Amino acid sequence: MEGSVTTTTVTFSLTPSARERFVSSIAIESSASSSTPAGRLPESRDPATGEVWHRYAVADADAVRSAVARARVAQPAWAALPPRVRAGAIDAFVQKLLSRREEAATIIARENGKPVGEALGVDLGVSLGLAEHFAKVAPRFLRPRWQRSTALMAWRKRVTLVREPHGVVGIISPWNYPMFLPLSSAIPALLCGNAVVNKPSEWTPGIAEFLRECLLESGVPTDIYQVVHGAGATGAALCDEADKIFFTGSEATGRKVALACARRLIPCALELGGSDPAIVLADADLQHAASGIAWGRFSNAGQTCVAAKRVFVEASVYEPFLAALTKAVGALRVGPGTDDTTDIGPMIRPEQRATIAAQHAEAMARGAHEVLRLPTPEGAGYFAPTILTDVPSDSRAMTEETFGPLLPVTSVRDVEEAIARANDTTQGLSASVWTGDVMRGVAVAQRLQAGSVVINDACSAAGIGDVPHGGFKASGLGKVHGEMGLQECVRTKVVMVDWFQGWRQPWWFGYSRAHRDNISAFLVVAHSSRLLERIRALPRVLRLVFAPARKV
Ligand code: NAD
């Protein structure tokens with residue numbers, strides 16, 4: 001299929017008999033990734049060796065259109081099921097994923113490069129937690145609730161909010177957390193009665209197929225959860241067909257997706273990149289801060305959206321913190337993700353590695369100092385984890401997202417300078433504050449322009465099912481997780497009923513001088529702060545409200 005663009009979606013299946021074959025590498029084809037004018041071909045490729053171990057058919061625009069059409073036909077029946085039946089399928093999915101966790105983590109390690117243990121702890125841990133959470137809360141969220149309005153003009157009405165699915169939801173996802181990122185929208189979307197078409201990253205198609213198989217085996221109908229493979233062209237085709245798009249990826253692509261959705265006036269939620277700051281205050285536990293920042297920055301080979309990408313340290317503790325950080329990172333081992341002694345794996349995308357190398361080179365050329373550069377194994381996939389100091393504030397490593405194992409550390413005068421430098425970015429995904437005084441940390445958090453701020457921990461707010469996640473500024477629009485994440489999966493319909501059938505509304509036609517005075521009195525009763533004035537106006541209002549129906 002090299003160089004060709006077919007119109008079929010992939011039919012690769014991980015049946016039990018095929019599973020062993022899949023995990024133990026069925027087809028090592030070439031070390032070079034291949035691409036067509038429509039973009040890179042979707043393939044499972046081990047970034048530690050460059051070996052391609054599976055290839056997938058590309059879904060072109062026609063294939064995407066027919067996938068969405070099939071989903072559209074199937075969706076009403078799925079939406080008509082009682083919510084607890086859909087929740088039952090997601091509960092079954094949780095148990096299936098749990099029972100196949102080692103297989104899943106191995107696929108992730110072999111496509112993405114991260115250590116298997118890290119894939120288990122983070123990718124599987126977050127996925128299981130959020131699926132379990134949403135299956136529990138979605139049925140209650142979807143239950144219509146009658147409520148009264150506090151508006152005086154609506155005194156005889158009751159309102160219910162009906163949460164309807166959008167229809168067919170398109171999910172375009174990246175490769176860095178290729179399991180929980182698509183699931184964080186797919187699970188609530190399915191629970192809310194939507195059909196889902198996922199366009200996974202062309203770099204991690206295998207784990208997307210694995211998830212599809214697990215969902216289908218758990219009772220989700222075939223046309224309700226589909227996967228279409230391909231690069232940007234396939235994602236763009238999905239934006240032309242779906243009723244709502246959930247996009248996770250770079251800011252540059254996010255802008256294209258937003259424009260495509262704007263052209264069709266369909267809603268989209270965008271989870272984009274971040275240049276997240278970590279602020280280390282003088283009263284912090286420096287060992288704790290060093291280990292936390294080391295993990296946050298260098299796990300997943302530095303390819304985490306909410307990783308600390310710029311560290312600002314109060315001058316009085318800069319040297320001891322830097323020493324602790326250098327020691328913590330210096331003890332890490334770089335190697336293939338399938339080796340249990342590995343802490344940091346290879347980077348997945350050659351072009352991303354080139355970007356990090358260019359950001360590093362520019363900083364060095366402009367006077368930065370390399371405090372640490374870890375040795376790496378032979379192989380094209382590795383970028384040596386590096387700590388830099390004296391990085392100019394207008395250099396690429398400080399102004400662009402650094403999506404790899406490179407960390408600039410900067411000494412700042414005080415907390416005021418730390419906050420100003422932290423906010424000096426166009427993005428605002430998340431941040432962390434490290435301090436011995438938690439309430440001081442909370443006060444700093446309130447001044448940071450970020451969608452989430454974690455005190456004395458790294459990255460954790462982004463991976464909890466009932467905690468909303470989403471960025472400020474150029475880091476995105478909308479939220480995933482929590483009730484806000486469920487809200488993104490529905491459109492809310494207001495149904496308002498009037499219990500007093502046959503009673504005309506006071507503001508309907510039948511205008512006269514008396515009617516005008518009565519309406520005027522109504523405004524006084526509803527809004528005046530003077531009690532006496534309201535009491536005086538009351539008789540007119542009662543006349544207005546309880547006047548026998550007059551047919552006009
Ligand atoms: P990317 O933007 O290159 O690709 C993301 C997805 O978009 C892929 O599936 C890709 O095929 C698809 N795509 C590419 N062009 C498209 C187009 N024109 N229309 C529709 N889809 C298109 O991003 P990436 O390199 O895969 O991921 C890394 C980026 O994702 C980083 O910037 C990272 O910070 C960000 N990210 C953000 C979050 C978050 O929660 N905010 C989470 C993870 C990653």
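Predicted model: local features only at pLDDT ≥ 70, side-chain atom pairs only at ≥ 80, totals over all residues.

Modeller: Residues are numbered from 1 along each chain as its sequence is written, and side-chain values use heavy atoms, with hydrogens and water left out.

Colleague: How are H3 and H7 oriented to each other?

Modeller: Helix H3 (residues 83-99) and helix H7 (residues 205-217) pack at about 130 degrees, with axes 8 Å apart. Angles under 35 degrees count as roughly parallel, over 145 as roughly antiparallel, 65 to 115 as roughly perpendicular and the rest as oblique. So H3 and H7 are oblique.

Colleague: Which residues of H7 make the contact with H3?

Modeller: Contact means heavy atoms within 4.5 Å. On the H3 side, Ile90, Phe93, Lys96 and Leu97 take part. Their partners on H7 are Phe210, Leu211, Cys214, Leu215 and Glu217.

Colleague: Which residues of helix H14 are buried?

Modeller: Buried means under 20% relative accessible area (1.4 Å probe, protein chains only). H14 covers residues 415-423, and its buried residues pack against elements including strand E12 (277-280) and helix H15 (438-445). The buried ones are Val415, Glu417, Ala418, Ile419, Ala422 and Asn423.

Colleague: Ser395 counts as what, buried or exposed?

Modeller: Ser395 is in the loop between strand E15 (386-389) and helix H13 (396-399). Leaving aside neighbours within four places in sequence, Ser395 is in contact with Glu362 and Arg366. Its relative accessibility is 0%, so Ser395 counts as buried.

Technical notes: Axes fitted to C-alpha atoms, helices over the stretch in contact; angles between N-to-C directions. Helix = DSSP H or I, 4+ residues; strand = E, 2+ residues; numbered from the N terminus. Buried < 20%, exposed > 50% of the residue type's maximum accessible area, 1.4 Å probe, protein only.
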